[in-house]
Amino acid sequence: MKLVALIALLAAAAAASAANGPNPITQPPLDGCARNPATLSEGLAPALVYVNRAPQPQALAGVVAAVAPSADLAVAVTPDAASSFLLAAGATSLEVVRDASTVPAFAWPEPGDRVQLSGSWVWNCTKWKPAGERTELHPFRTLWEQRAVAAASPWGETEGDLFASTDATQAGVVADCALQPSYTACLTTQPQWQDVSGTYRFVLPAPPKPPGAAKLHARVVDRGSAGGPAPTVTLGTGAAVVTLRLASTTGVPLVVAKQVFLGWTKVPATELPQHLHISFRSALDPSTCDIGGSWGTCSESRAADVYLPRGTPWRLAVYAEPGTIVRRFASPVASLGLHQDRSKGFALTYVVTRVNDALKRAATQPR
């Protein structure tokens with residue numbers, strides 16, 4: 001009964017915090033939202049304005065509820081209680097957004113991932129409804145995500161993806177210019193740069209230790225960093241602490257793009273994840289695909305390989321102009337074979353096969 005009461009108390013506290021968030025009806029006009037479709041569509045009024053007209057970035061921690069990729073990468077996050085103050089009153093999730101072309105595909109989240117982000121806390125003035133606007137982190141500046149399933153690891157490691165960028169994107173320029181006396185004049189002169197200086201600390205839990213495994217091992221893979229330092233990884237008991245120290249210089253571009261993997265050495269072949277190969281047979285125009293957390297384009301010319309622990313549910317999602325197809329599988333074994341899924345306007349045909357290379361992977365794993 002005590003545990004039930006504690007859970008109920010925490011839920012009530014989170015709900016109360018969300019209820020005390022900024023008022024979506026009265027606050028946005030005070031912060032600069034025009035609520036005039038004509039001026040918004042003509043670019044004469046800002047589409048994004050800072051909440052409370054405060055440009056300082058805010059931090060968010062929570063779990064990814066949904067992802068909608070298009071020109072923008074829009075991620076709905078269910079915030080932890082400590083971050084629920086970022087929600088406009090009445091909202092249950094916070095959308096974090098960034099120009100998709102500025103986020104490397106390896107760092108795109110998947111539903112179920114845990115994330116820690118920082119970014120510009122804004123009202124999206126274009127999404128006004130009778131219930132008011134909703135708050136967003138747009139653009140997000142830094143991202144750490146702990147993959148629910150590390151499908152990129154052949155050796156059953158856990159994965160943390162790290163991204164940071166001083167590129168404010170056009171969204172950042174719009175929000176900054178909304179603070180200036182002449183919004184439209186500012187758009188031609190405002191630098192597309194944002195400060196990401198600070199010390200960031202993240203914890204990456206280790207996977208359960210398989211029988212016969214030896215010791216914890218961490219590895220960091222660069223995925224296109226430019227001017228950004230490498231994180232420091234400190235091994236602990238059952239986890240690693242990842243520390244990133246950034247000191248950005250005004251006007252100088254900086255990008256951090258790293259994958260951090262944490263796993264055990266000498267894992268027996270029988271304990272390694274299953275290797276799946278996915279090939280497409282239907283005549284698709286290149287579309288955006290999420291294959292077990294591995295994002296990219298899907299077409300007949302591109303196959304994908306993922307590594308999934310036995311018995312682990314996973315999903316394949318295709319985002320195309322006619323519609324979206326999402327297929328969920330109960331396990332790697334349950335997904336084997338030929339599949340044809342349909343949505344409005346198109347059909348998707350693909351084959352999932354198992355690659356029996358566990359012995360080879362065991363011989364080449366980090367030691």
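Trainee: Why does Arg53 count as partly exposed?

Mentor: This is a predicted model, so every value here is computed from it. Arg53 has 37% relative accessibility. Buried means under 20% and exposed means over 50%. The value of 37% falls in between, so Arg53 counts as partly exposed.

Trainee: Where does Arg53 sit, and what is its phi?

Mentor: Arg53 lies in the loop between β1 (48–50) and β2 (58–69). Its phi is near 55°, a positive value in a residue other than glycine.

Trainee: Where is Lys266 found, and how do you know whether Lys266 is buried, partly exposed or exposed?

Mentor: Lys266 is in the loop between β12 (255–264) and β13 (274–280). Its relative accessibility is 48%. Exposed needs over 50%. Lys266 is therefore partly exposed.

Trainee: What makes the peptide bond from His138 to Pro139 cis?

Mentor: Its omega is near 0°. Pro139 lies in strand β6. Most peptide bonds are trans.

Trainee: How many disulfides does a search of the whole structure find?

Mentor: Three. A disulfide is a covalent bond between the sulfur atoms of two cysteines.

Trainee: Why is the link of Cys33 and Cys125 called a disulfide?

Mentor: The cut-off is 2.5 Å between sulfur atoms. Cys33 and Cys125 have S to S 2.1 Å. That is within the cut-off, so the pair is a disulfide. The pair links distant parts of the chain, 92 residues apart. Cys33 is in the loop between α2 (27–31) and α3 (37–41). Cys125 is in the loop between β5 (114–124) and β6 (135–146). Both Cys33 and Cys125 are buried.

Trainee: What is the handedness of the Cys33 and Cys125 disulfide, and why?

Mentor: The torsion about the S-S bond is about -80°, so this disulfide is left-handed.

Trainee: How do you know that Cys177 and Cys186 form a disulfide?

Mentor: Their sulfur atoms are 2.1 Å apart. The limit is 2.5 Å, so the pair qualifies. The torsion about the S-S bond is about -75°, so this disulfide is left-handed.

Trainee: Why do Cys177 and Cys186 count as buried?

Mentor: Cys177 is at 0% relative accessibility. Cys186 is at 8%. Both values are under 20%, so both residues count as buried.

Trainee: What about Cys289 and Cys298?

Mentor: A disulfide joins them, with S to S 2.0 Å. The angle about the S-S bond is 75°, and the link is right-handed. Both Cys289 and Cys298 are buried.

Trainee: What is the pairing when the bonded cysteines are numbered in sequence order?

Mentor: The pairing is 1-2, 3-4, 5-6.

Trainee: What makes the radius of gyration agree with a compact globule?

Mentor: With 367 residues, a compact globule would be near 21 Å. The chain has 22 Å, which agrees. The C-alpha atoms fill a box of roughly 65 × 55 × 50 Å along the principal axes.

Trainee: What share of the chain is buried, and what share of the contacts joins residues 24 or more positions apart?

Mentor: Buried residues make up 49% of the 367 residues. Residues 24 or more positions apart account for 68% of the contacts with a separation of 6 or more. The secondary structure comes to six helices and 20 strands.

Definitions and conventions. Residues numbered from 1 in each chain as written. Predicted model: local features only at pLDDT ≥ 70, side-chain atom pairs only at ≥ 80, totals over all residues. Heavy atoms only, no water. Helix = DSSP H or I, 4+ residues; strand = E, 2+ residues; numbered from the N terminus. Rg over C-alpha atoms; globule rule 2.2 N^0.38 Å. Buried < 20%, exposed > 50% of the residue type's maximum accessible area, 1.4 Å probe, protein only. Contact = heavy atoms within 4.5 Å.
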